[in-house]
Amino acid sequence: MIDIKDLHKSYQVGKNKLHVLKGINFHVEEGELVAIMGSSGSGKSTLLNILGILDEADEGSYHLDGTEIKNLTEKTAARYRNKFLGFIFQSFNLINYKSALDNVALPLFYQGMGGKERTERAHEYLDRVGLADWATHLPNELSGGQKQRVAIARAMASHPKVLLADELTGALDSQTSYEIMDLIQKINDEGKTILVVTHEPDIAQMTKRIVNLKDGIIIDDKKIEQQKALANV
């Protein structure tokens with residue numbers, strides 16, 4: 001599903017070149033639930049941006065579901081993001097003046113889906129995350145956990161190949177974090193490939209594999225015995 005070989009990325013900082021990723025090799029099979037961990041400056045955000053087709057490597061190769069991601073125009077990159085990827089962010093990234101339903105439906109609009117089908121799909125995914133009764137509510141009428149559920153429904157509604165979650169529990173209290181991770185585990189159990197960037201060890205333990213980055217290289221990559229999220233509540 002994801003295949004990265006000898007990936008390098010540098011940034012120009014003043015007169016100096018900062019080598020952020022130093023030959024990353026990384027493979028993810030369909031249906032995996034993987035945590036990517038690392039301290040600030042380890043390269044995990046850069047790696048996530050490349051995986052999300054928001055940035056491009058200087059060297060190396062990236063294949064996503066058999067498609068090589070390289071030298072894309074912005075239009076093609078946007079099309080691939082819509083086709084392959086669903087994003088979940090720490091800050092939720094909901095549009096404040098749109099209802100929960102409209103937020104979920106928005107990516108489907110950009111995919112060219114008709115209004116009736118968009119609405120039905122958005123209702124379906126709000127129901128799946130337990131928010132069917134909150135469809136008409138605005139984000140400021142929702143709790144942090146509810147906002148993240150809307151964000152998950154939005155990410156799922158376009159039927160992505162891979163979900164990329166960037167610190168998805170970072171703005172939530174412990175109990176709400178575990179409830180959100182329970183939802184993520186259930187989505188993964190249905191076969192969805194999910195990558196979770198996190199700095200929280202307890203959240204990482206709720207995945208099935210932990211990849212540790214340090215100074216732009218993978219220092220550890222191991223499958224683990226997954227902890228069930230609601231066992232922690």
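**Pockets, sheets and a salt bridge**

Student: How much space lies in the second largest pocket?
Tutor: About 270 Å³ of space lies in the second largest pocket. A pocket here is an open set of points on a 1 Å grid over the protein atoms alone, where a 1.4 Å probe fits, with protein on both sides within 12 Å along at least five of seven lines; lining residues have an atom within 4 Å of a point. The volume is the space filled by probe spheres set on the points, joined across faces, edges and corners.

Student: Which residues are closest to its centre?
Tutor: Asp 55, Glu 56, Ala 57, Ile 69 and Asn 71 are the closest to the centre of the second largest pocket, out of 20 lining residues. Numbering starts from 1 along each chain as its sequence is written. The model is predicted, so to speak of its local features requires pLDDT of at least 70 and of side-chain atom pairs pLDDT 80 or more, while totals for chains, interfaces and linings use all residues, and side-chain values use heavy atoms, without hydrogens and water.

Student: Where does the largest share of that lining come from?
Tutor: Strand 4 gives four residues, the largest share of the lining of the second largest pocket. Strand 4 (59-64) and helix 2 each supply at least two residues. Elements are DSSP runs numbered from the N terminus: helices are H or I with at least four residues, strands E with at least two.

Student: And the largest pocket, what volume has it?
Tutor: The largest pocket has a volume of about 480 Å³. Its lining comprises 18 residues, and Asn 82, Leu 85, Phe 87, Pro 107 and Arg 154 lie nearest the centre. Two or more lining residues come from each of helix 2 (74-84), strand 6 (85-89), helix 3 (100-110) and helix 5 (144-157).

Student: Turning to the sheets, what order has the open sheet of four strands?
Tutor: The order is 2-1-4-5, and the pairing is antiparallel. Strands pair if DSSP finds at least two bridges between them.

Student: Why is one side of strand 2 and of strand 5 left without a neighbour?
Tutor: Strand 2 (16-28) and strand 5 (67-68) stand at the edges of the sheet and each has a single partner strand, so one side of each lacks a neighbour. Strand 5 pairs with strand 4 in the antiparallel sense over two bridges, and His 63 stands opposite Glu 68 of strand 5.

Student: What about the open sheet of six strands: which order?
Tutor: That sheet runs 6-7-8-3-9-10 with mixed pairing. Strand 6 and strand 10 (217-223) are its edge strands, each pairing on one side only. Strand 7 and strand 8 (193-197) pair in the parallel sense over five bridges, with Val 162 opposite Thr 193 of strand 8.

Student: In what sense do strand 9 and strand 10 pair?
Tutor: Strand 9 (209-214) and strand 10 pair in the antiparallel sense over six bridges. Val 211 has Asp 221 in strand 10 as its bridge partner. Two residues separate strand 9 and strand 10 in this hairpin, and Asp 215 in the turn has a positive phi of about 50°.

Student: Next topic: how many salt bridges?
Tutor: The structure holds 14 salt bridges, each a side-chain nitrogen of Lys or Arg within 4 Å of a carboxyl oxygen of Asp or Glu.

Student: Which residue does Lys 161 form a salt bridge with?
Tutor: Lys 161 forms one with Asp 65, and their closest N and O atoms are 3.5 Å apart. This pair links distant parts of the chain, 96 residues apart: Lys 161 is in the loop between helix 5 and strand 7 (162-166), and Asp 65 is in the loop between strand 4 and strand 5.
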